[in-house]
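Open the model in your viewer and keep the selection panel at hand.

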Amino acid sequence: LQLENDLRRAIVRTTSPEATQPEFSVYYQPIFSIATQQIEGFEALVRWQHPEKGTISPVDFIAIAEETGLIVPLDRWVLKTACYQLRAWQAQFPMPAPLTMSVNLSGKHFYQPGLIEFLDSVLEETGLDGSTLKLEITESIVIENTEAAAVMLKQLRDRKVQACLDDFGTGYSSLSYLHSFPFNTLKIDRSFIKQLGMEEENDEIVKAIVNLGLILRMNVVAEGVETPEQVAQLKDLNCHYGQGYWFSRPMNGEAMTEFLLGAI
Ligand code: G
Ligand code: G
Ligand code: MN
Ligand code: NA
């Protein structure tokens, strides 16, 4: 309950027009092309700097934020902040294909009436091209309500906003819905990448997911890439993109700008 009250206060302090003492910040982790080693885009990851408790991981507050409905204003603040940041980076770092931003959406938020209207207002306000924005949802969110998910994904597609299936392989992994839902990207859960080269069956699963992506014309991102050996193996498997500590840790916007100045 204490954490719930703290969360409520933190959201007010961060998102109110005055935003005098922001406690949340958005960190960015770059996503790289495995073949070219070029930066393709970023994933936005929220961080909570609690005034007494220090940094609190989303793992420890997303569930409470979902139970209390506070996830909606929080996710929306992250989405808007990340879109403004992306717009600035696209202008500062022009690339052959413009940089992209992936934003995590909780199921609570994904099915919230008004999400599409909010999305439209953010795209208009920031001037961002919808095709450079990606929304990450998990398989369990889709399974929870396949009809509503189909409607939402269609509306995203109408705006050219991309949809990513996050943590792929850990959830229900019902292959039947994959071809009927218009996801642009599959993100292979980091538990599979961690074991690359250590267990043959695990490697075959990663290979199968990459091939599934090829068949379904979806991009595949390997999460949690931590070693050069993993990069080499992913390259052998023709996996398109990688994300993880090997490439870069998540950083705040300022630090990421410095990183980009050195990397691009
Ligand atoms: O960044 P980190 O590894 O601590 O993130 C832990 C979990 O929190 C991940 O599952 C990630 O998807 C989730 N997460 C991070 N940022 C956000 C956010 O802005 N909104 C939602 N809904 N989840 C997030
Ligand atoms: O569930 P989701 O994929 O959104 O979670 C992303 C989480 O993974 C973030 O909390 C991020 O901090 C974390 N992460 C990013 N790169 C690595 C990595 O190389 N290794 C590990 N263990 N975690 C990572
Ligand atoms: Mn994610
Ligand atoms: Na994930």
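Does α1 pass α3 in a left-handed or a right-handed crossing? Select both helices and look down through the pair. The crossing is left-handed. This is a predicted model, so keep that in mind at each stop.

**Stop 1: α1 and α3**

Helix α1 covers residues 2-15, and helix α3 covers residues 71-92. Their axes come within 10 Å and cross at roughly 35°. Now show side chains. On α1, pick Ile11, Thr14 and Thr15. On α3, pick Pro73, Leu74 and Trp77. These residues make the contact. Color them by class: 4 are nonpolar, 2 are polar and none is charged.

**Stop 2**

Which residues of α3 meet α5? Select Arg76, Leu79, Lys80, Cys83, Tyr84 and Arg87. Across from them, α5 supplies Phe118, Val122 and Thr126. By class, this contact has 5 nonpolar, 1 polar and 3 charged residues.

**Stop 3: ligand 1**

Center on ligand 1. Its shell includes Leu45, Val46, Ser57, Pro58, Val59 and Ile62. The shell divides into 8 nonpolar, 3 polar and 1 charged residues.

**Stop 4: ligand 2**

Move to ligand 2. There are 13 residues around it. Which of them come nearest? Select Gly224, Glu226, Gly244, Tyr245 and Pro250. Color the ligand 2 shell by class: 4 nonpolar, 4 polar and 5 charged.

**Stop 5: the whole protein**

Clear the selection and zoom out. The protein has 12 helices and 10 strands. Along the principal axes, its C-alpha atoms fill a box of roughly 50 × 45 × 35 Å. How does the radius of gyration compare with that of a compact globule? For 264 residues, such a globule would have a value near 18 Å. The protein has 18 Å, which agrees.

Terms used: Residues numbered from 1 in each chain as written. Chains lettered and ligands numbered in written order. Predicted model: local features only at pLDDT ≥ 70, side-chain atom pairs only at ≥ 80, totals over all residues. Near = placed C-beta within 6 Å. Nonpolar A, V, L, I, M, F, W, Y, C, P; charged D, E, K, R; others polar. Axes fitted to C-alpha atoms, helices over the stretch in contact; angles between N-to-C directions. Helix = DSSP H or I, 4+ residues; strand = E, 2+ residues; numbered from the N terminus. Left-handed = near helix turned anticlockwise from the far one by under 90°. Contact = placed C-beta atoms within 7 Å. Rg over C-alpha atoms; globule rule 2.2 N^0.38 Å.
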